[in-house]
Amino acid sequence: MCGIVGYIGRKEAYPIIIKGLKRLEYRGYDSAGVALLHPEMVIFKKAGKVVDLEKVADPTKTSATIGIGHTRWATHGEPNDRNAHPHLSNSGKLAIIHNGIIENYASIKEELIKRGYHFDSDTDTEVLVNLIEEVQKKENTTLDNAVRIALNEVVGAYAIVVLNIDNPDQLIAARKGSPLVLGIGEKEFFIASDASPIIEYTKNVVYLDDQEYAVLNRDGSYSIKTLGNVEKSHEIQKLEFSLEMIEKGGFEHFMLKEIYEQPKAIEDSLRGRMNASQGWIKMGGLTEYSNKILSADRFIITACGTSWHSGLIGEYLIEELARIPVEVEYASEFRYRNPIIDEKDVVLAISQSGETADTLAAIELAKERQALIYGICNVIGSSIARASHAGSYTHAGPEIGVASTKAFSTQVSIITLIALQLAEKKGTIPASRVRQLLFELEGISKKIEETLLVDAQVKEIAAIYKDASNFLYLGRGVNFPVALEGALKLKEISYIHAEGYPAAEMKHGPIALIDENMPVVFLATNKSAYEKIVSNVQEVKARKGKIIAVVHKGDTHIRSLADHIIEVPETDEILSPLITIVPLQMLAYHIAIMRGCNVDQPRNLAKSVTVE
Ligand code: AGP
């Protein structure tokens, strides 16, 4: 949450920062701001989006070659101009941008007020910049040392960049719990929350580790130290994605582009990890720790949101295929109870961003208790990927739309491979069944491409139900998590209340909601429970609910009962979520567009949730 960008070099900083902030807007869009050394300190900030900030920026004061910028997801204080970053210290000499939360800001603020400091905003960030100033004065030390000492006094999470009017040739950046990437150019440096603002200028990056800070100098020199004052040397890494991958490529929205990218994303996630005709599966991370993983008492899957839904599908797949008991935990709950977990457990942590604070904290807890952590992340080099003992990247490519789509399908395909490899090694299913599923998985992208053709039809259904106040999504077995995911997609981008339920649970409560105004989306592709689903459809029909059913091509039975059917290609039931989710993503997308919502940046949300 919150996006931060910094630049020091020979180019004009302002356009680089503005472009970077637009790329990071998915992380938060409550307000935006920049600070430039012109050489006087120039600050522009505004509630709203980066385009609103551009309107208030004075073009005669944007030629600086050093600056910092921020796009905010509000934590402390309303999203107004006053609380927008950057924040200035009382002397006006230091400006800071911050992503994260300073938990002990109240006591620090009290102390600073006693020492004569005043505060213009309600933010924890303004407290931090004044603490740095106070430390620098008291200790009579360099700014970087003052940053280090101050950060040792704060509790919480942060990624910060500090600009100093007394040293226009230096930027200082630090992180703990919030991501920060340094782009290393030719006598220039870029700093950002992720690599998207950097990729256009350099592919050479350094990922700062937790509790580290960097001093970046205009002459091209830089140093990295721990907050304990120990010098660090980091290998420069090469970015693997291209600029095109983070642009819309002709689509109106990132979400739509990412829905359509799913066949390719799944192919990328499977590439080099399996071959159906040769009959092999190779998940590198699993091989490395194979003894521990194969002898695990149980798997605990922990994640949040959409990633938690793919975890539920993972539970189904791993138990069904590999016969290993699985528990799926909301990371936010897991971390705050006293879970029974030890060295015989394997924890699968799933996260698109790899930065979700709750998931990261759940991992730390499980690590303390000696469990093996297997990370399934999309963002390379992310905190969760680095905190895991082993893992697999999903290789979905950058996902910019706040509503997760291709990340979900690639997570499911990776978990399918994990389940199959474990099943093969444990001999829990016949080799012929492993082979059959590999063939089906290899061909799934073609079937998703075919599924994408339902778009126009889904759009028509969206037009009919766009004004509904509630939606119910029902599925059974492996399609129950798909119902949850379909409901989440709809509520997060269209603001329509939606609930996902196991279809058979409907009669234990939600059935009371059904009347002629209630659209009910059925996932009705499961062969194993087909008759049961038909009964559930009948129950809704009897109460005049409007039935939208996702069925296999050629299904005539449900067609005769439903108000609308969406036909999708048939696949093996346990792989069906990869197909059935597609029309639900499209339904949410079209409804949201018809309601005039911002699908890529829905209200109150941010792409990576780096606060608790
Ligand atoms: C999905 O559409 C959501 N925006 C959200 O639930 C997301 O999946 C969740 O915040 C977890 O994020 P992660 O996968 O990056 O950890």
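Which residues are buried in H1?

Analyst: In this predicted model, the buried residues of H1 are Ala 13, Tyr 14, Ile 16, Ile 17, Ile 18, Gly 20, Leu 21, Arg 23 and Leu 24. Helix H1 runs over residues 13–24, and its 12 residues reach 16 Å from the first C-alpha to the last, close to the 16 Å expected at 1.5 Å a residue. Because 9 of the 12 residues of H1 are buried, the helix is largely enclosed by the rest of the structure. Its buried residues pack against helix H2 (50–56) and against the strands S1 (3–8), S2 (31–37), S4 (66–72) and S10 (189–192).

Turning to pairs of helices, H4 (residues 124–139) and H5 (residues 143–153) have axes that come within 8 Å and cross at roughly 120°; the two are therefore oblique to each other, and their crossing is right-handed. On the H4 side the contact involves Leu 128, Leu 131, Ile 132, Val 135, Gln 136 and Glu 139, which meet Leu 143, Ala 146, Val 147, Ile 149, Ala 150, Leu 151 and Glu 153 of H5. By class, this contact has 10 nonpolar, 1 polar and 2 charged residues.

Helix H7 (residues 262–270) packs with helix H16 (residues 444–451) at an angle of about 170°, their axes lying 8 Å apart, which makes H7 roughly antiparallel to H16. Here Gln 262, Pro 263, Ile 266 and Glu 267 of H7 make the contact with Ile 444, Ser 445, Ile 448 and Glu 449 of H16, and these residues divide into 4 nonpolar, 2 polar and 2 charged.

Methods:
Residues numbered from 1 in each chain as written. Predicted model: local features only at pLDDT ≥ 70, side-chain atom pairs only at ≥ 80, totals over all residues. Heavy atoms only, no water. Helix = DSSP H or I, 4+ residues; strand = E, 2+ residues; numbered from the N terminus. Expected span 1.5 Å × (residues − 1). Buried < 20%, exposed > 50% of the residue type's maximum accessible area, 1.4 Å probe, protein only. Contact = heavy atoms within 4.5 Å. Axes fitted to C-alpha atoms, helices over the stretch in contact; angles between N-to-C directions. Parallel < 35°, antiparallel > 145°, perpendicular 65-115°, else oblique. Nonpolar A, V, L, I, M, F, W, Y, C, P; charged D, E, K, R; others polar. Left-handed = near helix turned anticlockwise from the far one by under 90°.
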